[in-house]
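Me: I have a structure open and would like to learn how to read its features. Could you take me through them step by step?

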Protein chains: 2
Amino acid sequence: MLEEIDVQVQELLRTVNQRALQHLDGSSYQVDTKSSYSDLVTTIDRQNEQELDRRLREIDPGCRILSEEGFGNQQLSDLSGHVWIVDPLDGTLNFVKQHANFGVMLALYIDGRPTLGYIMDAVKQDLYHGGNGWGVFKNDQPLAAPADASLRDSLIAIGRSLVLDNVANLPQVARHASGLRMYGSAAMEMIGMLTGELGAYISYLRPWDLAPGRVLAEELGLTVKSIDDDGINVLSSNLVLVATERASQDILRLTD
Amino acid sequence: MLEEIDVQVQELLRTVNQRALQHLDGSSYQVDTKSSYSDLVTTIDRQNEQELDRRLREIDPGCRILSEEGFGNQQLSDLSGHVWIVDPLDGTLNFVKQHANFGVMLALYIDGRPTLGYIMDAVKQDLYHGGNGWGVFKNDQPLAAPADASLRDSLIAIGRSLVLDNVANLPQVARHASGLRMYGSAAMEMIGMLTGELGAYISYLRPWDLAPGRVLAEELGLTVKSIDDDGINVLSSNLVLVATERASQDILRLTD
């Protein structure tokens, strides 16, 4: 049952991704701003989301959907049953300015349990997927758990405002890492965690930024925790640390 | 004459790049630290440099060479004649940790004049090259001059320590941009400038980090200037701003 859903969702993601790629030249979509001049949405975000929402309801009848641009069930107050969390185009600024470094992400939570996660690297057309005890795959290849690197031996990614506003002593964390990277897309940064390119990722994440990567990171034995609260609330935004076990300990010593 | 050198140097870069790619799996090279635990050099850096230096002396007899790992003429005190500036592997930390986002870079200065520049995106195998009034090419395709974007409408890249140490009010510059990116490789960040993905790049650059990108950026009409000194000294390190004309004006208002 879940296996069948999984196969169809993978196919759906590849289809939706094709549309985004067809519009990469920038001539055929429209860009609007949302909360600020750097918070963009394009007609591609909206078209992707409408197709994802429509098809998920066919693939998984009776499911509820929490999605970024507002076409899902926006009034979700609990996580009972099958809940899909949808980011139709993550890294919209990169999509518009770089024509690279953006992705499409989905997660399935069942009765609140992080169950399946999907992150599509749009330009490379690599689909990272898994969960539910099945492991994590890059397309058809199983991924090994990343090495348990320390902070000092890791490249890490931190969101811009957390560094500039000196939140939770994070500039100090950045100094202690091998290097600091900023990609501007939770999809890209979560993929960096899954492949071991990054040893830690710290950002203020909304539900659709976090849920898919959380499923996959936890499936690989990585630590995923809130650092501004007692636990992660999937329905709201969280300041989240994703890290190897060792880097997580190194970082929490500095942020305490 | 210069055309002939150019053809041979392009071929040389593709050959040297193949070696770096063959060693991407990490099993067949050795890593040492230099000035700090995040300043790495591998046996690939050294092999690349030795081959580049040897072949450049054959292709351009009588030239002098300034190169990162010390196999060139390290005692250069002037820029008379043909001087090649060589970065055999830029982004060594990315090479080791990410197996991506690193490059090989070369520049030719003739009697102090920035003349030819070469930046090879190693993994994508894209060679950006040009100068001398010939224009800038990505492989065989001529690149158009990037749009003259403002700071507010640009993604920008700034080196980690410049942000963390609040050098020249650069955190404030970062706040005013559309987004802040850090790739950890001057080669990758310079390519971002050439393609228009970035509107500004600010970093403390050594001669081999700066010279190739400077030739190409200036050829495309981008601004390249020192922001800690009166002018760029090619033989020493500089705090350098590469930017569109508009972003450059916006940034210099904030850093003054």
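Reply: Gladly! Let's begin with a term: a salt bridge is a side-chain nitrogen of Lys or Arg within 4 Å of a carboxyl oxygen of Asp or Glu. Please keep in mind that this is a predicted model, where local features need pLDDT of at least 70, side-chain atom pairs count only at pLDDT 80 or more, and totals for chains, interfaces and linings use all residues. Residues are numbered from 1 along each chain as its sequence is written, chains are lettered from A and ligands numbered from 1 in the order in which they are written, and side-chain values use heavy atoms, with hydrogens and water left out.

Me: Which residue of chain B meets Asp165(A) in a salt bridge?

Reply: In general, side chains of opposite charge can pair when their charged atoms come close. Here the partner of Asp165(A) is Arg175(B), at 2.7 Å from N to O. Asp165(A) sits in the loop between α4 (160–164) and α5 (170–176) of chain A, while Arg175(B) belongs to helix α5 (residues 170–176) of chain B, so this pair joins two chains. Helices here are DSSP runs (H or I, at least four residues), as strands are (E, at least two), numbered from the N terminus.

Me: What area do chain A and chain B bury between them?

Reply: About 2,800 Å², with 48% of it on carbon and sulfur atoms. Buried area is the accessible area (1.4 Å probe) that two parts lose on being put together, summed over both. On the chain A side, Tyr37(A), Lys97(A) and Leu164(A) lose the most area to chain B, together 24% of what that side buries. By contact (heavy atoms within 4.5 Å), 27 residues of chain A touch 27 residues of chain B.

Me: What rotation superposes chain A on chain B?

Reply: Two copies of a chain are related by a rotation about an axis and a shift along it. In this model the rotation is 180° with 0.0 Å of shift along its axis (RMSD 0.0 Å), by least squares on the C-alpha atoms of residues with pLDDT of at least 70 in both copies. The two copies are therefore related as by a two-fold rotation axis. In chain A, the C-alpha nearest the axis belongs to Met182(A), 2.4 Å from it. The same surface serves both copies, as 100% of the contact residues of chain A recur in chain B.
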